[in-house]
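Please look over the sequence and the model shown below before reading on.

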Amino acid sequence: MTTINISRNHPLRFRLQPWLCLGLVVASLALTLFSSPLVSMGSWNEFKVDMVGWLIFVLGGAMRWWTALYRMEGNPPQLAVRGPYSICRHPLQLGTLLFCISLACFLGSVTCLVGFAVAATVYFSLAIPAEERKLREKFGMQYERYCQVVPMLWPRFRLFQTPENIHIDVSSLAHELRRMAIWMWLPAIARAAAQCHSEGWWPHVLGVF
């Protein structure tokens with residue numbers, strides 16, 4: 001769900017939430033990189049996990065880009081309820097979550113996947129409710145009815161609807177393109193880390209994670 005001009009003056013626990021999530025992600029990555037590899041490089045298991053990672057990565061990128069096409073900018077603020085917003089309330093966050101899952105696949109690590117799952121749980125239990133409270137205050141029953149029909153995160157494709165023509169906000173697309181220029185390096189960095197992780201000279205101070 002997205003609008004423009006929604007206040008971000010949340011209580012302290014919401015402002016600290018991104019740092020808590022980041023800490024959980026960094027901790028899971030550290031456990032992954034300094035433990036023995038779970039999937040051997042060059043094996044069929046590594047190939048299959050890698051292919052799953054690429055599929056999820058592409059899906060995440062497609063979801064974020066699709067969402068950028070339907071961003072509702074304007075004055076007064078409007079409620080976005082078409083395209084990706086017609087099948088789930090937070091498609092942009094879903095795309096980001098898919099990126100994180102793909103990273104765990106590229107690293108071949110269950111620990112990394114669990115760490116991301118915990119971080120995502122913290123985020124969706126704190127940040128999303130705070131955002132939705134603001135949206136309920138701004139849009140009232142319109143948003144309440146929207147929430148009753150459209151799921152928060154898991155897409156319900158039978159709800160899909162879109163107008164024949166849409167207004168594309170170029171600034172939103174440019175903003176997402178800048179973000180994608182960063183996200184596109186994720187597979188390369190993860191694969192480089194996985195390669196180092198599998199080398200004999202790499203310190204494996206923990207067991208298999």
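A residue is called buried when its relative accessible area is under 20%, exposed when that area is over 50%, and partly exposed in between, with a 1.4 Å probe and protein chains only. By that rule Asp 50 is buried, and so is Arg 191.

This is a predicted model, in which local features need pLDDT of at least 70 and side-chain atom pairs count only at pLDDT 80 or more, while totals for chains, interfaces and linings use all residues. Residues are numbered from 1 along each chain as its sequence is written, and side-chain values use heavy atoms, with hydrogens and water left out.

**The chain as a whole**

- The secondary structure of the chain comes to seven helices and two strands, where helices (H or I, at least four residues) and strands (E, at least two) are DSSP runs numbered from the N terminus.
- Read from the N terminus on, the elements follow the order α-β-α-α-α-α-α-α-β.
- The chain has 209 residues, of which 39% count as buried.
- The chain exposes about 11,900 Å², and carbon and sulfur atoms supply 67% of that area, as computed by the Shrake-Rupley method with a 1.4 Å probe, where for residues only the protein chains shown count as cover.
- Among the contacts in the chain with a separation of 6 or more, 85% are accounted for by residues 24 or more positions apart, a contact being heavy atoms within 4.5 Å.

**Salt bridges**

- The structure holds five salt bridges, each defined as a side-chain nitrogen of Lys or Arg within 4 Å of a carboxyl oxygen of Asp or Glu.
- One of them joins the side chains of Arg 191 and Glu 46 at 2.3 Å, N to O, and this pair links distant parts of the chain, with Arg 191 in helix H7 (residues 186-198) and Glu 46 in helix H2 (residues 44-69), 145 residues apart.
- Both partners in that pair, Arg 191 and Glu 46, are buried.
- Another salt bridge brings together the side chains of Asp 50 and Arg 191 at 3.4 Å, N to O, and it too links distant parts of the chain, since Asp 50 lies in helix H2 and Arg 191 in helix H7, 141 residues apart.
- Taken together, Glu 46, Asp 50 and Arg 191 are linked in a network of salt bridges.
- The side chains of Glu 132 and Arg 89 also meet in a salt bridge, at 2.8 Å, N to O, and this pair links distant parts of the chain, with Glu 132 in helix H4 (residues 110-139) and Arg 89 in the loop between H2 and helix H3 (91-107), 43 residues apart.
- Glu 132 and Arg 89 are both buried.

**Packing of H4 and H5**

- Two packed helices are described by the angle between their axes and the distance between the axes.
- The axes of H4 and helix H5 (residues 141-149) come within 6 Å and cross at roughly 130 degrees, the axes being lines fitted to C-alpha atoms, for helices over the stretch in contact, with angles that run from 0 to 180 degrees between N-to-C directions.
- On the H4 side, Glu 132, Leu 135, Arg 136 and Phe 139 meet Met 141, Gln 142, Tyr 143, Glu 144 and Cys 147 of H5.

- Ala 68 is found in helix H2 and is buried, with a relative accessible area of 5%.
- Not counting residues up to four places away in sequence, Ala 68 touches Ser 172, Leu 173 and Glu 176; its C-alpha lies 5.9 Å from that of Ser 172, although Ala 68 and Ser 172 are 104 residues apart in sequence.
- Leu 29 lies in helix H1 (residues 12-33) and counts as partly exposed, at 24% relative accessibility.
- Leaving aside neighbours within four places in sequence, Leu 29 is in contact with Leu 103, Leu 107, Cys 112 and Phe 116.
- Leu 153 is found in the loop between H5 and helix H6 (170-183) and counts as buried, at 16% relative accessibility.
- With neighbours within four places in sequence left aside, the contacts of Leu 153 are Cys 88, His 90, Leu 94, Leu 97 and Phe 124.
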